[in-house]
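Biologist: I'd like to learn how to read a structure like this one. Could you walk me through a few features?

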Amino acid sequence: MPTVSVKRDLLFHALGRTYTDEEFDELCFEFGLELDEITSEKDIISREQGDTKAEGASDVILYKIDVPANRYDLLCLEGLVRGLQVFKQKMEAPRYRRVSPVSSEPQRLVITEETTAVRPHAVAAVLRNITFTQERYDSFIELQEKLHQNVCRKRTLVAIGTHDLDTISGPFTYTAKPPGDIRFKPLNQAKEYTAQELMSLYKTDSHLRHYLHIIEDKPVYPVIYDSNGIVLSMPPIINGDHSKISLNTKNVFIECTATDLTKAKIVLDMMVTMFFQATELAYRKETLSADFINRKVGISESTEHIAQLLTKMCLRSEVMSDGEQIEVEIPPTRSDVIHACDIMEDAAMAYGFNNIPRTTPRTYTVANQLPLNKLSELLRQDLAAAGFTEALTFALCSQEDIADKLLKNISETRACHISNPKTAEFQVARTTLLSGLLKTVAANRKMPLPLRLFEISDVVLKDETKDVGARNNRRLCAVYYNKSPGFEVIHGLMDRVMQLLEVKPGQGNGYHIQAADDSTFFPGRCAEIFARGKSIGRLGVLHPDVINRFELTMPCSALDIDIEPFM
Amino acid sequence: MADTGLVETLLQRVEKVDGGLDSQDVATSLGVDHQAIVGAVKSLQALGDVISAEQRSSKHWELTGEGCEIAEQGSHEARVVSSIPKEGMPQSQLMKLAFGKVGFSKAMSNKWIRLDKGHEGGPRIFKTVERLEDLVRDKLLLVQKGQASQLEEKEKNELKKRKLLSEVTVKSYWITKGSCFSTTITKQETELTPEMIASGSWKEKKFKPYNFEAMGVAPDCGHLHPLMKVRTQFRQIFLEMGFTEMPTNNFIESSFWNFDSLFQPQQHPARDQHDTFFLSDPAQAHEFPQDYLERVRKVHSEGGFGSQGYKYDWKIEEAQKNILRTHTTAVSARMLYKLAQQEKFTPVKYFSIDRVFRNETLDATHLAEFHQIEGVVADYGLTLGDLMGILHQFFNKLGITKLRFKPAYNPYTEPSMEVFSYHEGLKKWVELGNSGVFRPEMLLPMGLPEGVTVIAWGLSLERPTMIKYGINNIRELVGHKVNLQMVYDSPVCRLDS
């Protein structure tokens, strides 16, 4: 969820009144925002870098407000104020119009073939007759940054460039060239560089280095020229210094280059509408009935009232002649509205979620437990009654945990591997519960002996027959850790489990164990368990090397069975 | 048991006195070691209220070995004077005497003797007094007679400094008759035995009293994990409300069911490497319901079902990518799709509580895996009011009555609401979970009838458990670093109290 930081006093000035912190918090809540933090630049610096650094920093109070991830129109002070004012019915939703310049032709941006190889889309607009104050200028820059981080997906989908139109002349060309052929003076640099030189220059730039990968490996880099060959920008990395905007800029040329055209249009609309003074853009109209909203929300309001509620949310609405239907106009700022249900939500928000009567659906259903979970629940109770304590271990672990430490080869585990683990703890999904239990014992070595632990949970195994190529397997694992191995204890527990599962000792339809070789266990101290003629798991005394690798010191016996055959 | 004879003698002595006896005095008068008397007192105490004994401690002064010698033979300085004849004695000869050295300097400072250094034949000592008062000896004699109190503190301390006196602490018992006083002793039984029951001898026996202050012996038993206890309760609540459990035993899911089927666009940040665990093996899912997949592609890229869609180039390659599911809603999607394939729609209520995985930054309250609790209701004509009503009933069963709802954003629900409850302890509204109405772009491509609404909510199992059991660090609760003592000690879980 993006956070917008605004100066409190500036915000209140724009809203035309002051609020206590609690009142403002309440207003945010109703509108679906969250007043996350009340702070100041000084506080932030002193928290991050210490009090001495904070000396002299501004102590103007800042509100940090959490904005829903799809509401790009609330990412700057201007947008927030507009949204809240319309919501509080202090102003009408603004009209956005596109106008042609009085004295000249509209500007043009020509896109050439070559861009398809790297960044195929571009859209542009001009904001005319703007007056920047320092605050407004800061907010303009800040909005670009917020859009870059959110909807633009860190410039991968869309990159924004803004230019002082009076320093350049159209028509503009968006093309792509080999990096060696691009040469210009980038923003805030003293001399010209080629694109290649820029890429190495920015390798160490704390901000820009994060965007280099987007075009780095491409044969050609995107670039925008004006009619005199001046470079406006090399998206998505850097603008040219020549056309940079300043407090004195009057007319702004905005270009958005993209790999996703829909997002590029959304972003351009945001940039324009947030700082418009007189522009007109595409409005979409939707028609829906008051009955639809009443039925979906669970209220019964008049058509007129619902139209009023929607208007409050910047969706200018009118009751149509039949008195039933409402025509709703969706402004370019509300790219989040893509279905009638989005309009319905706005009506519900304007009505106030907490004012909607809470009702009980009459849906009649009979509850059922998942049989596998039902069995697991019953067995858990009885294992605890048998003196074993339940552990709860992670489903993700390292390869070492399920292979090397259990003296197994990773290739024989049927393990599913994770491609992007941040640490070794998340390399694979576990194929056994045993390592988790042994790690639990290791973390609790100070506890009095014996330790008796169990877990009934899922492991994950590769399985070609499943649509995703893997399946869960519900297993029961138990360990007994003491000064003597206690094979008879773990054997007794196995007998008890079989008794609980109504399997009697014996060959054929019963259960029996027979000696088995398993590298995890001490030679000659491992048996395979067969129930109703099927192998369901193993029990035995763990190999001393396994004990050592889990940083344990005492003998340990273990039981590991699959409980799915008992379904 | 102490010597029976001594015990009986002690009892006879106690019987004879009106008030009580001091154990030290008894020891002195019987001429036995005090410890023997203490032993007798202890064994009598163990028999119940035969006697009552109150421990006392007193300090008194005693002569040291050297002090005893002086009391007997006089102080060193007095002995020096008495050993010097009229004609004096050479200093070297005096120094050979056992008491010579100390006695000489003390006698000199008392001016009882004088030293003639220039005497022919070496330094010679003469006495200057004929009679003297040996005060040191007198004082020590007083102490020996038990009259130390006649001396001043200063005098006693001076003698202590000379290592002639020492102060000792004496512990003794003040013994009086108890409520069951008797001069004959019956041995008390510790426990009732089968023989006593058979013979009836228990009627005559006296039994040693129990110490009810002590803790009992902990039962030798196993314990259930607290998080699983809470899970059992949540399961119970859903079952009480008529919800059927979903099969969530598939940790590995395709991006298709986890994201695409939920109308979560392919460029959504949740689908980033930073947030989701992707699989390298098996890397891809290979089987999808083809016509449904086509409808999903269309609603994302072109819209339809009344939607504008997201208007981007939807790629099957993204949908095929296998991941560790990020929410159990992936299973809800599978279940709703299955429901839509039924010949005739029937209303359903589903729930699940199972693990989900996030490739997130870890801290004291966040792990890479946690349990998600999810509830889903599908029926004709459900409203937002119904969702809030059902949430109210659900949370009521957890003992939470004060709820409010905040508008929120979620790609697959519209409206979306965050659920807050007022926490009496923290005196503020805390977030409990998320809820919403599934979007038509999710439901209609599945083939569910137009009028069917599906409402759903979700919350984590760990958070309410941590609040319930007062645990601040999630690692103490979940995973192998669990504190087993905490597991052993955790009470039963009743969520509504």
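Modeller: We'll take a residue, then a sheet, then an interface. This is a predicted model, where local features need pLDDT of at least 70, side-chain atom pairs count only at pLDDT 80 or more, and totals for chains, interfaces and linings use all residues. Residues are numbered from 1 along each chain as its sequence is written, chains are lettered from A and ligands numbered from 1 in the order in which they are written, and side-chain values use heavy atoms, with hydrogens and water left out.

Biologist: Is Thr249(A) buried or exposed?

Modeller: Buried means under 20% relative accessible area, exposed over 50%, partly exposed in between (1.4 Å probe, protein chains only). Thr249(A) has a relative accessible area of 0%, so it counts as buried. You'll find Thr249(A) in the loop between β12 (238–239) and β13 (252–258) of chain A; helices (H or I, at least four residues) and strands (E, at least two) are DSSP runs, numbered from the N terminus.

Biologist: Which side chain does the side chain of Thr249(A) meet in a polar contact?

Modeller: For a polar contact, look for N or O atoms within 3.5 Å; within protein, one must be able to donate a hydrogen and the other to accept it, and residues adjacent in sequence count only if both atoms are side-chain atoms. Here the side chain of Asp164(A) is the partner, at 3.0 Å. A polar atom of the Thr249(A) side chain also lies 2.8 Å from the backbone nitrogen of Ser246(A).

Biologist: On to the sheet: in what order do its three strands run?

Modeller: Strands pair if DSSP finds at least two bridges between them. In chain A the order is β14-β16-β15, an open sheet with antiparallel pairing. β14 (284–289) and β15 (317–319) of chain A each have a single partner strand, so they stand at the edges, with one side of each left without a neighbour in the sheet. Between β15(A) and β16 (residues 325–330) of chain A there are three bridges, and Val319(A) has Ile326(A) in β16(A) as its bridge partner.

Biologist: And how many salt bridges cross the interface of chain A and chain B?

Modeller: The rule wants a side-chain nitrogen of Lys or Arg within 4 Å of a carboxyl oxygen of Asp or Glu. It finds nine across this interface. Arg334(B) forms a salt bridge with Asp467(A), with the closest N and O atoms 2.9 Å apart. On the side of chain A that touches chain B, strand β21 (residues 451–462) of chain A gives the largest share, nine residues.
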